[in-house]
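I will go through it part by part and write down what I looked up.

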Amino acid sequence: MAGPAATGDAPTLGVGMLGYAFMGKAHANALKKLPYMMYPPVAIPHLAAIAGRNENAVKEAAKRYGFAKAYTDWRQLIDDPAVQVFDNAGPNNLHTEPNIAAAKAGKHVFSEKPLGRNAAECMEMWNAVKSAGVKHQVAFNYRFVPAVRLVKNLIDSGKLGRIYHFRAAYLQEWIADVNFPMVWRLYGDVAGSGALGDLGSHVIDLARYLVGEPKSLMANVQTFIKERKDENGKLQPVTVDDAFQSMLEFENGAAGTIEASRFCLGRKNHNSFEINAEHGSVRFCLEQMNELEVHWRSGDQATQGFTKVLVTESHHPFWSNWWPHGHIIGWEHTFVHEFAHFFDAIVNNKPVQPHAADFEDGYRNAVICDAIIKSAGTRRQVDIEY
Ligand code: SOE
């Protein structure tokens, strides 16, 4: 087997990945790109093993991405001494048991979001990684968008000042067609929740990362299409939300309105937020990922209003790794950034917080998701208690 790329004395980290679908592809792509683009790399990922339940599919994925071994049983992957980092890119019902087993086996754990299907599962995983003393990170990749990190820097530096409003919407369209069939994201026992855990968890993570802790909320959820055909053409009940809306009160006095939906025709991956603060406002949308709209109260009165910043200068977050300004990057590169962050935490024994989400953040995110479900079910305001 060819050794790692000749990139100096960076340590090699064996990565074992569970899953080979959409997130498996995004993770594999990032792991392979990291050593030559985040150069010199803090560590060189060795694609040691991949696991998935279908033998032909997992062998094909191993060949496609270059994993040394393919397993149909994730337990064998976790037992493999060549694996130091367990990367969970599997569906939500396959997060708790493998993540806990990996922690107990002394592996550092990188897990896709949402961390679990509910707060109880996330608490179990958080306790396991704390007991094992391993590093742990949840793949809330939008913290690693250059424009989002620029907003974080503007907030932390005090330039934006006191935050009054956080308003966010994560909108997609992919199940608005009544004929779209049942998939794992639409079964409550597999996914835990629908748009809430899949898209809303990103919005909630950005709210916590950029604004602070919510202290209470009110919410509504909807399931617009109540049943869909499964792969056998049999009607199955949709047991997750299709959309949610929520009003948040933050501990620091800011007001939040957040929503997510998969029924917004024309919205392809519209993860957007706006922050209105004491000294100005910012607005971001993932579909224009390299741009940040900014308005400063102190700006030139004759040219009042939002200006569009192209966040691609060499001094902008992460951009020393990429191209001359204007040569934009994409969604895939946020995974390169977040893996590099995780490997730095491992190699240099650092916490992944505050700039990455760890399992405590995954747990707090789940508490807020559970509160949204509770508020919608009881039609009452719910306090957030971690
Ligand atoms: C599907 O809704 C999905 O792939 C989410 O699962 C991801 O977290 C999001 O980044 C893009 O859309």
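In what order do the strands of the open sheet with mixed pairing lie? I noted before answering that the model is a predicted one. I then followed the sheet across and found 9 strands in the order β16-β15-β14-β13-β7-β12-β11-β8-β17. I marked β16 (307-310) and β17 (382-383) as its edge strands, since each of them pairs on one side only.

I went on to β14 and β15, which pair in the antiparallel sense over 4 bridges, with V282 standing opposite V294 in β15.

I asked which strands helix α6 lies across. Helix α6, made of residues 146-156, lies across β7, β13, β14 (280-285) and β15 (291-296), and it runs at about 25° to β15. Helix α10 also packs on the sheet, where it touches β8, β11 (243-250), β12 (255-261) and β17, and its direction makes about 55° with that of β8.

**Entry on the parallel sheet.** I turned to an open sheet of 6 strands, whose order is β3-β2-β1-β4-β5-β6 and whose pairing is parallel. Its edge strands are β3 (69-71) and β6 (136-138), each of which pairs on one side only. The twist from one strand to the next averages 20°. Within this sheet I looked up β4 (residues 85-88) and β5 (residues 108-111), which pair in the parallel sense over 4 bridges, and I found V85 opposite H108 in β5.

**Entry on two helices.** At what angle do α4 and α5 pack? I found that helix α4 (residues 96-104) and helix α5 (residues 119-132) pack at an angle of about 10°, with their axes 8 Å apart. Angles under 35 degrees count as roughly parallel, so α4 is roughly parallel to α5. From α4 the contact is made by T96, N99, I100, A103 and K104, and from α5 by E121, E124, M125, A128, V129 and A132.

**Entry on the ligand.** Which residues come nearest to the ligand? There are 13 residues around the ligand, and of these K113, Y142, Q172, D198 and H202 come nearest. I then looked at distances to oxygen atoms of the ligand, and found a polar side-chain atom of Y142 lying 2.5 Å from one. For H202, an N or O atom in the side chain is 2.7 Å from an oxygen atom of the ligand, and for R185 the corresponding distance is 3.1 Å. Taken alone the ligand exposes 310 Å², of which the protein buries 93%.

**Entry on the backbone.** I checked the peptide bonds and phi angles, remembering that most residues other than glycine have a negative phi and that most peptide bonds are trans. A cis peptide bond joins K113 and P114, with omega of about -15°, and P114 lies in the loop between β5 and α5. Another cis bond runs from Q353 to P354, with omega near 5°, and I placed P354 in the loop between α9 (331-347) and α10. N349 is found in the loop between α9 and α10, and although N349 is not a glycine, its phi is positive at about 50°.

**Entry on T223.** Where does T223 sit? I found T223 in the loop between β8 (214-222) and β9 (227-229). A polar atom of the T223 side chain lies 2.8 Å from the backbone oxygen of V240. Leaving aside neighbours within four places in sequence, I listed V238, V240, D241 and D242 as the residues in contact with T223.

Note on methods:
Residues are numbered from 1 along each chain as its sequence is written. This is a predicted model: local features need pLDDT of at least 70, side-chain atom pairs count only at pLDDT 80 or more; totals for chains, interfaces and linings use all residues. Side-chain values use heavy atoms; hydrogens and water are left out. Two strands pair if DSSP finds at least two bridges between them. Axes are lines fitted to C-alpha atoms, for helices over the stretch in contact, and angles run from 0 to 180 degrees between N-to-C directions. A residue is near a molecule or strand if one of its heavy atoms lies within 4 Å of it. A polar contact is a pair of N or O atoms within 3.5 Å; within protein, one must be able to donate a hydrogen and the other to accept it, and residues adjacent in sequence count only if both atoms are side-chain atoms. Accessible areas come from the Shrake-Rupley method with a 1.4 Å probe; for residues, only the protein chains shown count as cover. Angles under 35 degrees count as roughly parallel, over 145 as roughly antiparallel, 65 to 115 as roughly perpendicular and the rest as oblique. Contact means heavy atoms within 4.5 Å.
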